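Hi everyone, thanks for coming. Have a look at the screen while I bring up the model, and then we can walk through it together.

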Amino acid sequence: MKKTIIVTGGAGFIGSNFIFYMLKKYPNYRVACLDKLTYAGNLSTLASVINNENFRFVKEDICNREAVFSLFEAEKPDIVVNFAAESHVDRSIENPSVFLQTNIIGTATLMDACRKYGIKRFHQVSTDEVYGDLPLDRPDLFFTEQTPIHTSSPYSSSKASADLLALAYYRTYGLAVSVSRCSNNYGPYHFPEKLIPLMIANALNDKPLPVYGKGENVRDWLYVEDHCKAIDLIIHKGKAGEVYNIGGHNEMRNIDIVKIICRELGKPESLITYVADRKGHDMRYAIDPTKIHSELGWLPETKFEDGIKKTIQWYLDNREWWETIISGEYKDYYEKMYGNR
Ligand code: NAD
Ligand code: TYD
């Protein structure tokens, strides 16, 4: 059946991968991407689909009510998937206000439009960071959908606020909302200020590899396409009003990831530089994905050993994409964040 999906934040890392996945899997679907093109959004990322007749790009802010409502009026979407967000914890520590604006007010604006136009599903792409962190010495503990919200950073607090609003819109207005909380993603088009792409880019340029604190913090890494598959399942088969955790039981310490990148690229570990820790740095994230597995049959397909190789190869093959980013506004950010660290 033909469907129209509005994907917000589709010029960013996960949203773009989701658009590629959906256009390929559903040749009869129309996808309209709404993205403000902040520092993290890059239209060149969407070059391979920009002329696809089933695709449309609109440069707009999800907080702009008038623009959002007129896009809904024009497209009459069946489904809205909200990836648009300020997504970097370190930036949220420097300047929280834009996180509150985009991540909370923007989500509410989209849901107001969904209510007005009777949209059949609004999916909020959230994060495991809303659960706070787990101690390193309790490997038996995992985040389930029942784990209390307990945020650490302005970023995770803004995402948690959006989740609560989404669930409130379900209960109060009956809007068919679903929420997914995924662990850390990696893969192609990951913005080169996040751990994995930053380390790949720095290693390729023989620059220091800045590891926060002792590098013992643990993240639960998932290949981005597995996340896209999970969202596809949730928007088509998941229940409204429900939260689904997404994660592939792939916990790794930051330092071990950085060492793997050095090894894969044939670079010396002497590039690793320990720098001042992040304020309020979460120790460990670990998802229990039992619900999405048992209810929707989702399982991750890409093993980390394969995914990291594919990702590194992608960064080798697409130097122009990330070098252009690194030479732009990001250069000032890097100087500010790492200059005196
Ligand atoms: P990203 O920073 O790479 O991309 C965000 C996109 O949103 C960019 O294209 C940006 O231009 C756009 N955007 C920002 N503010 C906007 C606004 N006001 N209006 C319209 N567009 C705007 O982020 P990502 O890593 O792709 O993350 C996407 C979503 O997934 C986010 O909601 C994030 O919280 C969530 N998430 C990310 C991860 C991860 O590991 N990256 C894990 C779990 C959940
Ligand atoms: P990041 O990619 O920013 O994702 P998140 O904070 O959302 O998990 O960071 C992943 C981990 O890597 C986190 O523990 C912080 C750490 N980190 C470094 O050690 N050095 C860096 O330069 C960056 C960007 C992150």
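Let me start with a question: in which loop does Arg 278 lie? Arg 278 sits in the loop between β13 (272–275) and α9 (290–296). Those labels are for helices (DSSP runs of H or I, at least four residues) and strands (DSSP runs of E, at least two), numbered from the N terminus.

A word on where this comes from: it is a predicted model, in which local features need pLDDT of at least 70 and side-chain atom pairs count only at pLDDT 80 or more, while totals for chains, interfaces and linings use all residues. Residues are numbered from 1 along each chain as its sequence is written, chains are lettered from A and ligands numbered from 1 in the order in which they are written, and side-chain values use heavy atoms, leaving out hydrogens and water.

Back to Arg 278. Is Arg 278 buried or exposed? Its relative accessible area is 16%, so Arg 278 is buried; buried means under 20%, exposed over 50%, and partly exposed in between, with a 1.4 Å probe and protein chains only. The side chain of Arg 278 also makes a polar contact of 2.6 Å with that of Asp 90. By polar contact I mean a pair of N or O atoms within 3.5 Å; within protein, one must be able to donate a hydrogen and the other to accept it, and residues adjacent in sequence count only if both atoms are side-chain atoms.

An oxygen atom of ligand 2 is 2.5 Å from a polar side-chain atom of Arg 278, and a polar side-chain atom of Arg 219 lies 2.7 Å from an oxygen atom of the ligand. On the backbone side, a polar atom of Pro 210 is 2.8 Å from a nitrogen atom of ligand 2. How much of ligand 2 does the protein bury? Taken alone, ligand 2 exposes 520 Å², and the protein buries 97% of that; these areas come from the Shrake-Rupley method with a 1.4 Å probe, and for residues only the protein chains shown count as cover.

After α6 comes Asp 206, with a positive phi near 55°.

Now to ligand 1. It is surrounded by 28 residues, the closest being Ile 14, Asp 35, Ser 87, Tyr 155 and Lys 159. A nitrogen atom of ligand 1 lies 3.0 Å from a backbone N or O atom of Lys 36, and an oxygen atom of the ligand is 3.1 Å from a polar backbone atom of Phe 83. On its own ligand 1 exposes 840 Å², of which the protein buries 97%. At least two residues of its shell come from each of α1 (13–25), β5 (121–127) and α5 (154–173), and β5 gives the largest share, three residues.

Let's finish with helix α4. Does its length agree or disagree with what its residues should span? At 1.5 Å a residue, the 20 residues of α4 (97–116) should span 28 Å, and the end C-alpha atoms are 28 Å apart, which agrees; the expected span is 1.5 Å times one less than the number of residues. Still, α4 has a kink of about 25° centred on Gly 106, where the bend is the angle between axes fitted to the seven residues ending there and the seven starting there. Gly 118, with a positive phi near 60°, follows α4.

Notes:
A residue is near a molecule or strand if one of its heavy atoms lies within 4 Å of it.
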